[in-house]
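Student: Before we look, could you take me through this structure slowly, and set each term against its definition as we go?

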Amino acid sequence: MIQTDFVLSHGLGNDYLVMDAARLPAELTPERIRLICHRNLGVGSDGILLKVDNPAADFALRILNPDGSEAEKSGNGLRIFAKFLYDHGYTKKTEFSIHTLGGIVRAKLILDGSRCVAVRVDMGRAVIDPKLTTLEVAGQKLHVTSLSVGNPHCVTIVPDLKAVDLFKLGPLIENHPAFPNRTNVQFAQVVSRHAVRALIWERGAGHTLASGSSSCAVAVASYAKGLVDEKVTILMEGGELTIELNKQLDLVMTGPVEEVCTGNLSDDLKRRLR
């Protein structure tokens, strides 16, 4: 079992602090989450993965964004959490279920010796919103695919990612009136029947180097338009994920995960959290 306050890990540069709710010195309120995730004032991360209890699955996970909000599902977060459970002695199983707000998923670990180096996750079934196909953003009419993979996404397929101003359009789409609960944002460029490049703006986190659920969304949007086959590699700034899907839009994601360090919150930071 974890003997420190946190484990910092990343999936293709998308980093999370993993914590066990049973070991926390205080409840993680939105204000405390923002402080811990702050890259100058706190430990710094793209979010917190909180181990909690839920009898509906083998393990349960809360996904906390750096702005203090809570996400329903995270592909990178699930891979990180699955590795954490195995490497830190919570389980000896290499296959198990994880409860999230976006549904229960199954994880299968890929080992190198005694450590987990990659994870294959059944991400559930995507649902496309057929009514929302265009958005007016910053004077532009964007042709979009709005969908859910347990959390909301809006994908725009473009001919050239270099022409996309992600830092301008990302927050505008995230907070567009069409999405009352905000949305994750992806711009995608199809490279071949087996590969798609993507830029990602995450709801509650902003620009991220990679995202598992966003990769699933990009694969679904490309597949629904007949542009890719049923196994596709999503190429992001932080690296690659493999997504497999079928005609029912059931999704399986496979990708690497790495631990960075373990650590304890200082007395100074704990005092601020109190």
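Tutor: Ser215 is found in helix α4, residues 212–224, where helices (H or I, at least four residues) and strands (E, at least two) are DSSP runs numbered from the N terminus. This is a predicted model, in which local features need pLDDT of at least 70 and side-chain atom pairs count only at pLDDT 80 or more, while totals for chains, interfaces and linings use all residues. Residues are numbered from 1 along each chain as its sequence is written, and side-chain values use heavy atoms, with hydrogens and water left out.

Student: Why does Ser215 count as buried?

Tutor: Buried means under 20% relative accessible area, exposed over 50%, and partly exposed in between (1.4 Å probe, protein chains only). Ser215 has 0% relative accessibility, so Ser215 counts as buried.

Student: What does the side chain of Ser215 reach, and which residues does Ser215 touch?

Tutor: The side chain of Ser215 reaches the backbone oxygen of Ser211 at 2.8 Å. If residues up to four places away in sequence are not counted, Ser215 touches Ile234, Met236, Leu241 and Ile243, where contact means heavy atoms within 4.5 Å.

Student: What makes a group of residues a nonpolar core, and which members of the largest one touch the most others?

Tutor: A nonpolar core is a set of buried Ala, Val, Leu, Ile, Met, Phe, Trp, Tyr and Cys residues joined through side-chain atoms within 4.5 Å. The largest nonpolar core has 54 residues, of which Phe81, Ile98, Ile234 and Leu251 touch the most other members. A second, separate core of 17 residues includes Leu135, Leu142, Leu161 and Val185. As for Ile234, its contacts beyond four places in sequence include Val196, Ala198, Ser215 and Val218.

Student: Which residues of helix α1 are buried, and what covers them?

Tutor: In helix α1, residues 30–37, the buried residues are Arg32, Ile33, Leu35, Ile36 and Cys37. Their cover includes β2 (14–20), β3 (48–52), β4 (59–64) and α5 (267–273).

Student: Which residues line the largest cavity?

Tutor: Among them are Tyr16, Ile63, Asn65, Lys73 and Glu202.

Student: Where is Leu249, and why is Leu249 called buried while Arg182 is called partly exposed?

Tutor: Leu249 is in the loop between β17 (239–245) and β18 (250–256), and its 13% relative accessibility is why Leu249 counts as buried. Arg182, in the loop between α3 (166–174) and β13 (184–192), has a relative accessible area of 24%, so Arg182 is partly exposed.

Student: What is the phi of Arg182 and of Leu249?

Tutor: Arg182 has a positive phi of about 65 degrees although it is not a glycine, and Leu249 also has a positive phi of about 65 degrees without being a glycine. Most residues other than glycine have a negative phi.

Notes. A polar contact is a pair of N or O atoms within 3.5 Å; within protein, one must be able to donate a hydrogen and the other to accept it, and residues adjacent in sequence count only if both atoms are side-chain atoms. On a 1 Å grid over the protein atoms alone, a cavity is a set of points where a 1.4 Å probe fits but cannot get out, and a pocket is an open set with protein on both sides within 12 Å along at least five of seven lines; lining residues have an atom within 4 Å of a point.
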